[in-house]
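Subject: Structure for you to look at

Hello,

Here is the structure I said I would pass on. My notes on what was found in it follow below.

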Amino acid sequence: MNKTLRNIGIGLFLAGAAFQIEEILTDVDITSTNAISQESYDQAQQELTDVKKQLAQLQLDLNSAQQAQTNEPKETAKTETSAEPTTSETAMTLSIQVGMTSSEISAKLQDKGIIQNSVDLDNYLSDQGLAGRIQVGNYELNSSMTLKQIAETITR
């Protein structure tokens with residue numbers, strides 16, 4: 001009986017020691033992994049923000065270049081043939097209702113021919129923090145406006 005009690009006591013002691021060692025090793029691993037993950041996450045978020053800003057600027061530059069390229073042939077055609085009026089500019093009154101999202105507005109503008117790509121405007125509004133500042137109302141927009149001008153108009 002004495003030997004049995006001693007064996008049980010030794011078994012309990014060893015089991016407790018094993019649990020303590022496991023807990024110590026687990027806490028160290030979680031703490032160090034957690035710190036590295038947070039630093040990596042913060043760095044990745046900063047890089048993502050920088051890339052989004054660069055993308056928004058590139059989209060604006062591309063849109064401006066496309067509009068300039070589209071406008072140049074029109075001007076030369078005007079000087080050559082002044083008898084023909086060349087008005088390929090599309091205009092519309094955009095009616096923004098309560099609850100409309102920037103994606104819905106962008107899609108509507110693309111459907112009406114005001115912008116070439118709805119994703120560009122939607123991304124621009126999101127990247128510039130303007131998606132939540134869109135105002136309800138009616139706005140006169142045309143296809144010669146840049147994404148920035150459209151954004152400024154609908155977020156006043």
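Serine 95 is located in strand β1; strands here are DSSP runs of E with at least two residues, helices are runs of H or I with at least four residues, and both are numbered from the N terminus. With a relative accessibility of 24%, serine 95 counts as partly exposed. The term covers whatever falls between buried, under 20% relative accessible area, and exposed, over 50%, using a 1.4 Å probe and protein chains only. Serine 95 touches Met100, Lys108, Gly137 and Asn138, with residues up to four places away in sequence not counted; contact means heavy atoms within 4.5 Å. Between serine 95 and glycine 137 the C-alpha distance is 5.8 Å, although the two are 42 residues apart in sequence.

Before the rest, two remarks on the source. This is a predicted model, in which local features need pLDDT of at least 70 and side-chain atom pairs count only at pLDDT 80 or more, while totals for chains, interfaces and linings use all residues. Residues are numbered from 1 along each chain as its sequence is written, and side-chain values use heavy atoms, with hydrogens and water left out.

The chain as a whole

The chain has four helices and two strands, arranged along the sequence as α-β-α-α-β-α. Of its 156 residues, 21% count as buried. The accessible surface of the chain is about 11200 Å², and carbon and sulfur atoms hold 55% of that; the areas come from the Shrake-Rupley method with a 1.4 Å probe, and for residues only the protein chains shown count as cover. Taking contacts between residues at least 6 apart in sequence, 61% join residues at least 24 apart.

The core

Which residues touch the most other members of the largest nonpolar core? They are Leu94, Leu109, Leu141, Ile150 and Ile154, in a core of 21 residues. A nonpolar core is a set of buried Ala, Val, Leu, Ile, Met, Phe, Trp, Tyr and Cys residues joined through side-chain atoms within 4.5 Å. Two or more residues of this core come from each of α1 (2–80), β1 (91–96), α2 (102–111), α3 (118–127), β2 (137–142) and α4 (147–154). The largest share, four residues, is that of α4. Leucine 141 is in contact with Thr90, Ala91, Met92, Leu94, Leu109, Ile114, Ile150 and Thr153, leaving aside neighbours within four places in sequence.

In α4 the buried residues are Leu147, Ile150, Ala151, Thr153 and Ile154. They lie on the same side of α4, because they cover an arc of only 160° around the axis; the arc is that of the directions from the helix axis to the C-beta atoms.

Helices α2 and α3

Ser102, Ile105, Ser106 and Leu109 are the residues listed as buried in α2. Their arc around the axis is only 100°, so they sit on the same side of α2. The buried residues of α2 pack against β1, α3, β2 and α4. Just after α2, glycine 113 has a positive phi of about 85°.

The axes of α2 and α3 are 8 Å apart, and the two helices pack at an angle of about 145°. Axes are lines fitted to C-alpha atoms, for helices over the stretch in contact, and angles run from 0 to 180 degrees between N-to-C directions. Where they meet, Ser102, Ser103, Ser106, Ala107, Leu109 and Gln110 are on the α2 side, and Ser118, Leu121, Asp122 and Leu125 are on the α3 side.

Aspartate 122, in helix α3, is buried, with a relative accessible area of 17%. Leaving out residues up to four places away in sequence, aspartate 122 touches Ser102, Ser103 and Ser106. The C-alpha atoms of aspartate 122 and serine 106 are separated by 6.0 Å, and the two residues are 16 apart along the chain.

Helix α1

Glutamine 59 lies in helix α1 and counts as buried at 11% relative accessibility. Apart from neighbours within four places in sequence, glutamine 59 is in contact with Asp120, Asn123 and Tyr124.

Regards
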